[in-house]
Amino acid sequence: MTLTEKLLARASGKARVSAGDNIWVNADVLMTHDVCGPGTIGVFKREFGQDAKVWDRQRIVIIPDHYIFTSDSKSNRNVDILRDFAREQDIPYFYDVIDDPNGAWKFDAAKGLLKRQYGSRYAGVCHAALPQKGHTRPGEVLFGTDSHTCMAGAFNQFATGIGNTDAGFVMGTGKLLIKVPSTIGFRLEGKMQPGVMAKDIILHAIGEIGFDGATYQAMQFHGSGIATLSMDDRMTIANMAIEAGGKNGIFPFDARTAEYVEARTRLNGTRSAYEPVEADQDQKFTREIVIDLSKLEPTVACHPDPGQRKSAKELAHVRLDRAYVGSCTGGKTSDFVEFARVLRGRKVAIDTFGVPATPEIVHDLQNTRWGHQTIWDILVSAGVQMTENAGCSACLGGPVDTFGRMNAPQTCISATNRNFPGRMGHKESQVFLASPATVAASALAGRVADPREYVN
Ligand code: SF4
């Protein structure tokens, strides 16, 4: 069995499962956020009753992150619905925007979009917050009401996005009926060259199979090259499995996984026991694709979908209006470090936005010094508009006052994960997806640029 089959067999109490089997799976964690949480709660109450209790209050994680820093009153109200529910159900893992458990969330536009407007428990983008807060454990099943839930596959989990109806059912029962996906293997070999990042690996992989090339399949990443990848790298890769239509992305467990998970569960006092899965020697793939990491170049996915692969060099003629670094995929500390490495001592030529995924990342950037400046200050000095309001921000467009939103038909290079028409706002805008290093080089040049022109 592959990693995914092994994991689903265990979660369904069976010795063996095969691709195509329909099985009942026990969930370890259900995650929801401000966009889908209110709908999920509505389904749960409709189906299980107004006074029903969730199946396990310790296994539900609620993370408002999407439409937070906006004056849109309906978006603000969604956070209040989550708070009311968390209080009613006594859910410990609700990462509220504000500190007052009886308060109401209201964004104050007069304070501007750059200065922090959240309380001490706010966690930022759900997929980056889940591992930081100690909710990702090897061998577990994570369901989330968000398509990029697959990011937690970096931790040797079966993690997948589900809709509100399924999530309402999981909330009441802790179970879900799913079909076991078949698996595509990606054997990674070698080591990335300077200027190349994990984002280039996944953009390359999606370019190989197309944006629907893994529809309802598991994307398993393995091979000797895995050992060279940090947990942030693995998260970037697993995050974008859904951009090829994948049911989930998954990595093997190793010492690096253990170190991360054990540190985070200890820090946050979350459940620390886990049991990773290993694939069988005779595992079967629908196909296996070998990627030599040492041969990869800075890669870009062109408008209008993540499968439109070209090298950054080939796109040097594409002029840009803006650049954006942020999101669960591209807004981690390591992403901003590579962004800053290229921008240090230089000035961007176009509007450039930086949105850290979580408050912890804001803290990292504001407290890590390179010489006499922090990474945050290096970016601000280069002309990047950095916001402390960590969250999804313009990755998903959002209400019209969202920081960095494309409100005009412009062309943007972005470290986010999805570029279908209208994704970052205006439906006639164009988004080119790239690594933070490529976004930085392009922000300096005002056109798509290869970061190796700057880092070497
Ligand atoms: S940052 Fe973007 S991709 Fe990630 S959860 Fe938020 S909207 Fe979705």
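**Close-up views of a predicted protein model**

View 1. Ser 327, Cys 328, Cys 392, Cys 395 and Leu 396 come nearest among the 13 residues around the ligand. A residue counts as near when its C-beta atom, placed from the backbone, lies within 6 Å of the molecule. Helix 4 (126-132) supplies at least two residues of this shell, and so does helix 9 (327-330). Helices are DSSP runs of H or I with at least four residues, strands are runs of E with at least two, and both are numbered from the N terminus. By type, the shell residues divide into 6 nonpolar, 6 polar and 1 charged. Here Ala, Val, Leu, Ile, Met, Phe, Trp, Tyr, Cys and Pro are nonpolar; Asp, Glu, Lys and Arg are charged; the others, Gly among them, are polar.

The model is predicted: local features need pLDDT of at least 70, side-chain atom pairs count only at pLDDT 80 or more, and totals for chains, interfaces and linings use all residues. Residue numbers start from 1 along each chain as its sequence is written.

**View 2. The whole chain.** The protein chain holds 14 helices and 19 strands. Its radius of gyration is 21 Å, close to the 23 Å that the globule rule gives for 456 residues, so the chain is as compact as a globular protein of that length. The radius is taken over C-alpha atoms, and the rule is 2.2 Å times the number of residues to the power 0.38. Along the principal axes, the C-alpha atoms fill a box of roughly 55 × 55 × 40 Å. Buried residues make up 56% of the 456 residues. Buried means that 20 or more other C-beta atoms lie within 10 Å of the residue's own; exposed means 12 or fewer, and partly exposed is in between, with C-beta atoms placed from the backbone. Of the contacts between residues at least 6 apart in sequence, 76% join residues at least 24 apart. A contact requires C-beta atoms, placed from the backbone, within 7 Å.

**View 3. An open sheet with the order 3-2-4-5.** This sheet has 4 strands, and the pairing is parallel. Two strands pair if DSSP finds at least two bridges between them. Strand 3 and strand 5 (158-161) stand at the edges with a single partner strand each, so one side of each has no neighbour in the sheet. From one strand to the next, the twist averages 15 degrees. Angles run from 0 to 180 degrees between N-to-C directions, and the axes are lines fitted to C-alpha atoms, for helices over the stretch in contact. Strand 2 and strand 3 run parallel, joined by 3 bridges. Met 31 has Val 61 in strand 3 as its bridge partner.

**View 4. Helix 5 and its cover.** Helix 5 spans residues 164-173, and its buried residues are Asn 164, Ala 167, Gly 168, Phe 169, Val 170 and Met 171. Their cover includes strand 2 (29-32), helix 2 (37-48), strand 3 (60-62), strand 4 (141-144) and strand 6 (175-179). Just after the helix, Gly 174 takes a positive phi of about 75 degrees.

**View 5. An open sheet with the order 9-8-7-10.** Here, too, 4 strands form the sheet, with parallel pairing. Strand 9 (248-250) and strand 10 (287-292) are at the edges; each has a single partner strand, so one side of each is left without a neighbour in the sheet. Neighbouring strands are turned by 20 degrees against each other on average, direction ignored. Strand 7 (residues 182-189) pairs with strand 10 in the parallel sense over 6 bridges. Glu 189 has Asp 292 in strand 10 as its bridge partner.

**View 6. Strand 14 and its partners.** Strand 14 (residues 351-355) has 4 of its 5 residues buried, so the strand is largely enclosed by the rest of the structure. Tyr 324 has Phe 353 in strand 14 as its bridge partner. Strand 14 also pairs with strand 17 (residues 385-386) in the parallel sense, over 2 bridges. There, the bridge partner of Gly 354 is Met 386.

**View 7. Strands 13, 18 and 19.** Strand 13 (residues 322-326) and strand 18 (residues 411-414) run parallel, with 3 bridges between them. Ala 323 stands opposite Ile 413 in strand 18. Strand 18 pairs with strand 19 (residues 430-433) in the parallel sense over 4 bridges. Cys 412 faces Val 431 in strand 19 as its opposite residue.

Definitions and conventions
Two residues are in contact if their C-beta atoms, placed from the backbone, lie within 7 Å.
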